[in-house]
Amino acid sequence: MTTYAEQAAALVGTFGIDMAPWWDAAHDDLVLEFPFARSIGMPERVAGKAAARAYLEKVVSGLAGLHFTNIRARDTGTPGEVVVEYEGQCPAPNGTYDQRYITIMRFADGKLILFREYWDTTEVSRAFGDLGAAF
């Protein structure tokens, strides 16, 4: 049986490469949260599986070549909750995008219901410029 930590790590590892596992794992009430995103013109919260899919497809299309490395996932002690740390890199208009992430993933009924991702907005702005119009 796969643990939630293993499932979370696998999802991060497939992001942008094969999104089918994401849609299979997504709860109908999936919520995406990006607590610092508003400061660079991106949405702070996206609610519902369909809205999350539309948003993430837009992100994937704008981050060609994005790949994650050093993926480490661990249970928090709260049932169904996992913390994942990882790094992401891809080519960007202003050089290489090089980011560190910390994400809280929560599962309910075996499905991903919360994806709360923390990242450095200054790195996004440096690499991609103003994203306000894109979102």
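The structure described here is a predicted model, in which local features need pLDDT of at least 70 and side-chain atom pairs count only at pLDDT 80 or more, whereas totals for chains, interfaces and linings use all residues. Residues are numbered from 1 along each chain as its sequence is written, and side-chain values use heavy atoms, with hydrogens and water left out.

The protein chain contains four helices and six strands, where helices (H or I, at least four residues) and strands (E, at least two) are DSSP runs numbered from the N terminus. Read from the N terminus on, the order of these elements is α-α-β-β-α-β-β-β-β-α. The radius of gyration of the protein chain is 14 Å, close to the 14 Å that the globule rule gives for 135 residues, so the chain is as compact as a globular protein of that length; the radius is taken over C-alpha atoms, and the rule is 2.2 Å times the number of residues to the power 0.38. The C-alpha trace spans about 45 × 30 × 25 Å along its principal axes.

Of the 135 residues in the protein chain, 41% are buried. With contact taken as heavy atoms within 4.5 Å, 52% of the contacts between residues at least 6 apart in sequence join residues at least 24 apart. The accessible surface of the protein chain, computed by the Shrake-Rupley method with a 1.4 Å probe, comes to about 6,900 Å², and carbon and sulfur atoms account for 54% of this area.

As to charge, Lys and Arg count as positive and Asp and Glu as negative, while His and the chain ends are not counted; each charge is placed at NZ of Lys, CZ of Arg, CG of Asp or CD of Glu. On this basis, the mean positions of the 12 positive and 18 negative charges lie 2 Å apart. Side chains of opposite charge can pair when their charged atoms come close. With a salt bridge defined as a side-chain nitrogen of Lys or Arg within 4 Å of a carboxyl oxygen of Asp or Glu, the count comes to eight salt bridges.

Glu33, Arg45 and Arg116 are linked in a network of such bridges. Glu33 is buried at 18% relative accessibility, and Arg116 is buried at 19%, whereas Arg45 is exposed with a relative accessible area of 52%. A further salt bridge joins the side chains of Glu44 and Arg38 (2.7 Å, N to O), with Glu44 partly exposed at 31% and Arg38 exposed at 60%.

Backbone geometry was also examined. Most residues other than glycine have a negative phi. Asn70, in strand E3 (residues 67-75), has a positive phi near 50 degrees and is partly exposed at 44% relative accessibility. Asp109, in the loop between strand E5 (95-108) and E6, has a positive phi of about 55 degrees although it is not a glycine, and is exposed at 74% relative accessibility.

Conventions. Buried < 20%, exposed > 50% of the residue type's maximum accessible area, 1.4 Å probe, protein only.
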